[in-house]
Amino acid sequence: MVLLLAAVVIIFHPFIFLWYGEHQKVKKLLQIAQLGLPQEGMVPADEVTKAVEAKQREIQAKELALNLANKRLDKLDTAKFEFVSVTTHQLRTPLSAIKWTFDMLAKGELGPVTDEQKMFAQKGYESTDRAIEIVNELLKIDSIQEGKDTRANYNFANVDLAELINSVLFLFANQVKARNIELIFNKPNTSLVAQVDPKRLHVVFENLLDNAVKYTKLGGRVTVTLSDAKLNSARSVAEVTVSDTGIGIPSGEQTKIFQRFFRSSNAVKLVTDGNGLGLAIVKDIVDNHQGEIWFESKENEGTTFHLTLPLQQAPLQINQS
Amino acid sequence: MEPNKKQTVLIVEDDEFLRSLAAKRLDKEGLGVQVAVDGETAVAVAKEVKPDVIVLDLILPGLDGFEVLEKIKAEESLKAVPIIVFSNLGQKEDIERAQYLGAANFLVKSNFTLDDLLDKVKEQLAAIKPA
């Protein structure tokens, strides 16, 4: 009996479909009779619902993926912080041991030494001390990046900007000479005094110059320009540009350049060590000075960073309107 | 102070080489040196030998240096002993926390030499009022 029924279904199934199709048409006609004709170009409601549901599922899936990616990035960020702080702290211990040993050797505290031996021990001590300074710098970056450095900690003072920039340029004299890079500093005739935190602003120019020099090929040029052209605008600001003829920032990566730990692909290739924190710190400090920073860059041609610094720090949270 | 009684410094340091170098330097200066390699031992040795000064590392296995500081400052017979924190931690929070807990001084190891440490130890010894 069942078999017979199955056979009937198999043989007649085209007709059954036809019948079903007709049935649906009738149903739709009845619906139209009740609801009126769908307007021209309007997609039937059930299809809309289906499409919306599909989109919703798609969005949900994307959201999930983004959340996961975000969590992974957060983890990576934390891991990197830990890495920086652990390595720096743990580097200090063996470095202390080497430093102390050299010091004791040089001072003859571990037994008599000849003048030559003393000299070598002294050099060893000095080199170790330099390494320690680097580690200390890293720790400083670390603490700035952990968000411990807020504007409340800033010490604002009136500073001659050209003088401050000159003191930074001085640090790069050897590096620039060794790489045969032409370093130019243009400044206005009159001095420009701004209310800044000199130590932190020093870090800003140090980082910008460091990048400019590091990523410019031998024989290239780095130009620093201090300008008072924007002094007469609504709010008096000094503008500084740091321009290089370096490797540039690939256009696809330019939006990420101020992100912590980000290093552009061509930068990584050229200079393997680097923590990707320099520009994030720069941005943070410029923001805290109520200034602005932006850049333009072309790969293989160079990069120009512009930054503006108000001469006076406005009291915060004053609403002009 | 009794001139012929050796003044004792307790060095709490888990790194063997750093410990032996520091001990050597202080010993050379005629100071009595006791050492401890971890927090628990540090508290036990301190109770036993009643050192004149304690040189204390912060990152230690088991009880860390901050906890050692707390325990020693809570001990009636030890709370007057000056403690020089000698650590490679050195962030502002670490220094403030150690100060709050009663440390007499805070030196970041890598930024000082053992001669500097010796100076600070002597400074603390000179500041101790004769009992």
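A residue is counted as buried if 20 or more other C-beta atoms lie within 10 Å of its own. By this criterion, buried residues account for 40% of the 131 residues in chain B of the predicted model. The secondary structure of chain B consists of five helices and five strands, and from the N terminus these elements follow the order β-α-β-α-β-α-β-α-β-α. Among the contacts in chain B that link residues at least 6 apart in sequence, 60% connect residues at least 24 apart.

The five strands of chain B form an open sheet with parallel pairing, in the order β2-β1-β3-β4-β5. From one strand to the next, the twist averages 20 degrees. Within this sheet, β1 (residues 8-12) and β3 (residues 53-56) of chain B run parallel and are joined by four bridges. Residue B:V12 is placed opposite B:L56 in β3(B). Helix α1(B) lies across β1, β2 and β3 of chain B and runs at about 165 degrees to β2(B).

The largest nonpolar core contains 37 residues, of which B:V9, B:V12, B:I54, B:V55, B:L56 and B:V85 touch the most other members. When residues up to four places away in sequence are not counted, B:V12 touches B:A36, B:A42, B:I54, B:V55, B:L56, B:D57, B:L60 and B:V68. Another core, of 36 residues, lies apart from the largest one and includes A:A162, A:V204, A:A212 and A:V240.

Residue A:A162 also belongs to helix α4 (residues 161-171) of chain A, in which A:L161, A:A162, A:I165 and A:V168 are buried. Viewed down the axis of α4(A), the buried residues fall within an arc of 125 degrees and therefore line one face of the helix.

Contact between the two chains involves 14 residues of chain B and 14 residues of chain A. On the side of chain B that touches chain A, the largest share, five residues, is contributed by helix α1 (residues 16-28) of chain B. By class, this side of chain B comprises five nonpolar, five polar and four charged residues.

Backbone torsions were also examined. Most residues other than glycine have a negative phi. Residue A:Q290, which is not a glycine, has a positive phi of about 60 degrees. This residue, A:Q290, is located in the loop between α8 (278-288) and β6 (292-298) of chain A. With 17 other C-beta atoms within 10 Å, A:Q290 is partly exposed. In chain B, residue B:K50, likewise other than glycine, has a positive phi near 45 degrees. The position of B:K50 is in the loop between α2 (39-49) and β3 of chain B. Residue B:K50 has 12 C-beta neighbours inside 10 Å and therefore counts as exposed.

Terms used. Residues numbered from 1 in each chain as written. Chains lettered and ligands numbered in written order. Predicted model: local features only at pLDDT ≥ 70, side-chain atom pairs only at ≥ 80, totals over all residues. Contact = placed C-beta atoms within 7 Å. Helix = DSSP H or I, 4+ residues; strand = E, 2+ residues; numbered from the N terminus. Nonpolar A, V, L, I, M, F, W, Y, C, P; charged D, E, K, R; others polar. Arc of directions from axis to C-beta. Core = buried A, V, L, I, M, F, W, Y, C linked by C-beta atoms within 7 Å. Pairing = 2+ DSSP bridges. Axes fitted to C-alpha atoms, helices over the stretch in contact; angles between N-to-C directions.
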